[in-house]
Amino acid sequence: MGSSDLRDLFRISHPIVLGAFGGLSSTALTASVSESGGLGAYGLYGYDGDRIRETAAALRAATQKPFALNIWLPTGDEAVPGPQHTAFAHALEPFYSAVGAEIPQRPERYLPTLDEQLDAIWDAAPAVLSVVYGAPSAELVADARGRGIRLVGTATTVDEAVALDEAGVDAIVASGSEAAGHRVSFLKPADESLVGTFSLVPQVVDAVRAPVIAAGGVSDRRGVAAALALGASGVQVGTAFLAARESAANDAHRDAIRSTSADASVLTRAMSGRLARGVRNRAVRAIEAGGMIAPFPIQNWLTGKFRTPAGQQNLGELQSLWLGQSAPLARGGSAADIFAELAAGLPST
């Protein structure tokens, strides 16, 4: 399938999709990518219904172009608040002290329900809904289709891509193990699903009917050209845009993107309880050495209580510094300039 498929599918000018950053999305970055002719995206991890509606309103005020909203599907093994919360919270006490925060008490819930999020998303009516950590149910597919909302799923293996294709998604992101952030595997454990982009993309293209979006390791025009040569219909780009001025990353995070070599990023469960690629900073090293990592989403919620103030204080050693293996190729600067560099890798029309 050619790149024109995504242009028609998403009503965009260029088949370049912004990676949806859970916790690091910004209205300015999403709008800039959409205004440049690509598909801006905004991650809604942890957002309740009211916050989703407010975010969608802000995005519509910033751009009239199509954009995507992204959610994490529940896998069924998410931990719920219980007595174990206290022990895991106290294990992180040094980090709370470092940012001047109290040890957080057990909440009523760690995450909003899928139904609450979807109700707000249907009200928001984005052009695209992208999902990770699973294949959408037949009901979700029907609801999206009835509202004219395109559905995108994310696969880390060929089998996952086939499952998404059979579920009826409109496009599939093939996410190679080079990519930043969480490994969103759902058929096998993430550490058994580490396929590189160069191997994953052409195999997914051969196995599915839906157009394929290559993700992982794409930071400049060369990555775009390579992805299209592998049969992808477009690309999804994360780290390169995370380095943009418009992203929600702070200076410490941008410094990490500039200074972390391809072989220095690591896969760790320390910050969230699920496998993710980023920098092995002081917090990651200490949590891994302590050997007490709570299951998801307890760990993510607990570390968030020191990561947020650490980000406000520009303390990179206490943040989740997500980045991919192509971080050294990230240019920084404006999102529009980064987009132009990526678009230079597309075939001339």
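Analyst: In this predicted model, helix 8 (residues 158-167) and helix 9 (residues 197-207) have axes that come within 9 Å. The two axes cross at roughly 35°. The crossing of helix 8 past helix 9 is right-handed. Helix 8 brings Val158, Ala161 and Val162 to the contact. Helix 9 meets them with Leu200, Gln203, Val204 and Ala207. By class, that makes 6 nonpolar residues, 1 polar and no charged ones.

Now the rings. The structure holds 8 aromatic pairs. One of them joins Trp72 and Phe296, which are stacked. Their centres are 5.7 Å apart, with 20° between the planes. Trp72 sits in strand 3 (residues 67-72), and Phe296 in the loop between helix 13 (282-290) and helix 14 (298-312), so the pair ties together parts 224 residues apart in sequence. Trp72 counts as buried because its relative accessibility is 17%, under the 20% limit. Phe296 is buried too, at 7%.

Tyr96 and Phe306 pair another way. Their ring centres lie 5.9 Å apart and their planes stand at 70°, so this pair is edge-to-face. Tyr96 belongs to helix 5 (residues 93-99) and Phe306 to helix 14, so the link spans 210 residues in sequence. Both Tyr96 and Phe306 are buried.

Trp72 and Phe296 also belong to a cluster.

Key:
Residues are numbered from 1 along each chain as its sequence is written. This is a predicted model: local features need pLDDT of at least 70, side-chain atom pairs count only at pLDDT 80 or more; totals for chains, interfaces and linings use all residues. Side-chain values use heavy atoms; hydrogens and water are left out. Axes are lines fitted to C-alpha atoms, for helices over the stretch in contact, and angles run from 0 to 180 degrees between N-to-C directions. Helices (H or I, at least four residues) and strands (E, at least two) are DSSP runs, numbered from the N terminus. A crossing is left-handed if the near helix is turned anticlockwise from the far one by less than a right angle, and right-handed if clockwise. Contact means heavy atoms within 4.5 Å. Ala, Val, Leu, Ile, Met, Phe, Trp, Tyr, Cys and Pro count as nonpolar, Asp, Glu, Lys and Arg as charged, and the others, Gly among them, as polar. Rings of Phe, Tyr and Trp (its six-membered ring) pair if their centres lie within 6.5 Å; planes under 30 degrees apart count as stacked, over 60 as edge-to-face and the rest as tilted. Buried means under 20% relative accessible area, exposed over 50%, partly exposed in between (1.4 Å probe, protein chains only).
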